[in-house]
Amino acid sequence: MPVNAKEIEILLNRNNLCAEKNNVNDYHDTCSSPDSGISKSRPSSGSVTPITFSIGDHSESDDEGDSEDSGLVMKTENAETQTMLENLKISQKEEMDGRWTGPPRPLEECINLLHSDVGVKQLSDEEVINLVNAKHIPAYQLEKAVQDLERGVAIRRKLSCMQKDIKGATPDIPYKNYDYTMVQGACCENVIGYIPIPVGIAGPLKMDGKLHYVPMATTEGCLVASTNRGCRAFMQTGVRTRVVHEGMSRAPVVRFPSAMRAAEAMLWLGESENFEEVKQSFDASSRFARLIKIHPRIAGRYLFIRFVAKTGDAMGMNMISKGTEVALQVLQNHFHDMEILALSGNVCTDKKPSAINWLEGRGKSVVSEAIVPANIVENVLKTTTAALVELNIAKNLVGSAAAGSIGGFNAHAANIVTAIYIACGQDPAQNVCSSNCMTIMEPSGEDGRDLFISCTMPSIECGTIGGGTILPPQAACLEMLGVKGANADNPGENARTFARIVSAAVLAGELSLMSALAAGHLVKSHLKHNRSATLLSAIALEQQAANLKITSESIQEPQSRSSKTSSEKVVQSIKSKLTPVSSSTILKPENTLNTKGEAIKRSPSSKSSPVITTMEFLSVPDCKQT
Ligand SMILES: CC(C)(COP(=O)([O-])OP(=O)([O-])OC[C@H]1O[C@@H](n2cnc3c(N)ncnc32)[C@H](O)[C@@H]1OP(=O)([O-])[O-])[C@@H](O)C(=O)NCCC(=O)NCCSC(=O)C[C@@](C)(O)CC(=O)[O-]
Ligand SMILES: NC(=O)C1=CN([C@@H]2O[C@H](COP(=O)(O)OP(=O)(O)OC[C@H]3O[C@@H](n4cnc5c(N)ncnc54)[C@H](OP(=O)(O)O)[C@@H]3O)[C@@H](O)[C@H]2O)C=CC1
């Protein structure tokens, strides 16, 4: 179908909006939001949807967003615009090849096409949406229905844009050029895109004689810099690590007719031949999961049976859950009156704070240590061993005890664990127990000016295969650490190495943050690395403008959608929209208050020129200080 001028205008406007918001739009919607050009139109006959999207004739559009669109139409004389139009024509034609571009056809016709062999690809997005709304396609199975992963995601975005509450948000969530084959059936459902998170690198981290570069995905400025400084401090002497225990756990809750009967089952599990019988079934469920311990805990008629298993290179929750289900069948063969209440009874304990993981361990239990020479403590960390040791006792040991902490005898292990977990495709919810850590610092060397530091982390739940580790960017981060996937020669070795790296990186993070706290540098460093100066100066300008009572009409929505993604644009738009203050809006010097609410006395020079223009105001250096 030929592309008409109105459509191109609308597409261009959408494109323009996206580009304005993101500067890059190759992974964004060009047509996903009513705000960005898709209009409501009356449903055609056969359609059951109260609101539909029209990609065809927009002449009848009554969308309230239209006026916004028309205000943004670009002049076609512009050469750059012409090129964009041509590109859009081409891309639209490619997109439409073989797909219906006319007004939606009757529902019955679409249903027939849906169930035909080749027909589904011919349905327009609008027709697919009609089928979803008429409950012929579940919205969560769009990818399967249209036999195209990215198109399925794109249509779901259009559907979600129809929900009033979220329609404005979706275009800022990228979705294009992503490998959804890895996501389907493994990592996420009802997909509408992905969230890009900045990934920094800390290192080299010298650990057990090898250098590692540690990827960390975070939005907390200062965190990577801090961990990097810790790594730098370890460069001379290195970090030593050891995995001291290994075992993932799953603890179902079962119930018996009496507490005596529950006790009987508990004692039965303690017999070695019975353990062997259960283990045989458990181990048969996987090539890598190996039951090493059963730890039952009784509470009246309830029995919590904590199965502990090695899980090779996988974090192992799916594997161990599968094995546990089989093992429970064995137990039920012996105890017919045993009632299985749930496969997880919280004694596991997964993704919740608990003493049991802190005491018994879960996943990999790792200890790491390093000695930092006095000159490094003083020159790189800007503090002293004595100050660090004293602070560590006061904060990480006494402070955490005073807070009633379980496993939180550290400064910020969770920061490092979570950033590495997100980068490396771990289950981020497992940061809860994986961050259990006790940091110990002691004076070392002949004069006690060197620092001994260690971190003990009993429950690092991690893997290098399974879960999110299969996604290409996350797998690349594991690759950077040399631990991607299964270790063919020695299954489990990659996951153990990964756990050691996590622990060594935590050691680096602990050392650096504790040093910053001891030196009184925390706030200074976070104000430098952890606050958007551009955005804040834009906000400060807005506040200044408001304080100076510049007419509200002269500042039009500085935080409007089209400008909020670029703080520079906010500044620019404020600058461009601020007009010189007319004499009717001149501020009397005595009406101008400083931040303490006191009247600001103007200098004679400012008095001699009573009309303060906005540009003058913007150039006043003090305006940053609000
Ligand atoms: C920010 C620093 C590192 C500056 O530290 P500095 O000593 O002023 O920096 P420097 O310029 O002298 O450089 C020293 C080394 O730091 C590294 N470094 C320095 N700058 C960078 C950078 N931009 N990017 C990457 N690496 C950087 C780098 O390794 C460098 O060595 P070089 O390579 O030059 O020989 C320091 O002040 C610091 O570590 N601050 C602590 C920040 C921190 O740990 N934040 C974590 C979050 S706090 C929190 O969330 C938890 C909390 C606090 O609530 C928990 C609690 O209750 O305790
Ligand atoms: N089910 C649950 O209760 C929970 C699940 N999760 C989720 O579980 C997922 C992770 O489960 P997990 O069991 O780790 O991973 P998977 O479910 O992906 O299982 C690992 C798979 O890798 C195979 N494998 C191949 N080589 C190895 C090797 N060297 N070592 C170990 N396994 C190998 C295993 O084989 P084989 O089939 O022979 O075992 C198994 O099929 C994550 O997405 C996480 O978010 C998180 C918490 C709870």
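1. Basis. The model is predicted, so local features need pLDDT of at least 70 and side-chain atom pairs count only at pLDDT 80 or more, while totals for chains, interfaces and linings use all residues. Residues are numbered from 1 along each chain as its sequence is written, chains are lettered from A and ligands numbered from 1 in the order in which they are written, and side-chain values use heavy atoms, with hydrogens and water left out.

2. Shell of ligand 1. Around ligand 1 there are 20 residues, and those that come nearest are Ser226, Arg232, Lys382, Lys395 and Ser512 (a residue is near if one of its heavy atoms lies within 4 Å). By class, the shell holds 7 nonpolar, 8 polar and 5 charged residues. Here Ala, Val, Leu, Ile, Met, Phe, Trp, Tyr, Cys and Pro count as nonpolar, Asp, Glu, Lys and Arg as charged, and the others, Gly among them, as polar.

3. Helices at ligand 1. At least two residues of this shell come from each of helix 8 (223–234), helix 18 (493–519) and helix 19 (522–529). Helix 8 gives the largest share, 5 residues. Helices are DSSP runs (H or I, at least four residues), numbered from the N terminus.

4. Contacts of ligand 1. Polar side-chain atoms of the protein lie by oxygen atoms of ligand 1: that of lysine 382 at 2.5 Å, that of serine 226 at 2.7 Å and that of serine 512 at 2.7 Å. A polar contact is a pair of N or O atoms within 3.5 Å. Ligand 1 taken alone exposes 1100 Å², of which the protein buries 63% (Shrake-Rupley method, 1.4 Å probe).

5. Ligand 2. The shell here has 22 residues, with Arg250, Ser286, Gly316, Asn318 and Asp427 the closest. A polar side-chain atom of serine 286 is 2.5 Å from an oxygen atom of ligand 2. The backbone also takes part: a polar backbone atom of aspartate 313 lies 2.8 Å from a nitrogen atom of the ligand, and a backbone N or O atom of methionine 315 lies 3.4 Å from an oxygen atom. Of the 940 Å² that ligand 2 exposes when taken alone, the protein buries 75%.

6. A helix pair. Helix 10 (residues 272–284) packs against helix 11 (residues 317–334) at an angle of about 140°, their axes 8 Å apart. Axes are lines fitted to C-alpha atoms over the stretch in contact, and angles run from 0 to 180 degrees between N-to-C directions. The two helices are therefore oblique to each other, as angles under 35 degrees count as roughly parallel, over 145 as roughly antiparallel, 65 to 115 as roughly perpendicular and the rest as oblique.

Conventions: Polar contact = N/O pair within 3.5 Å; in protein donor to acceptor, adjacent residues only side chain to side chain.
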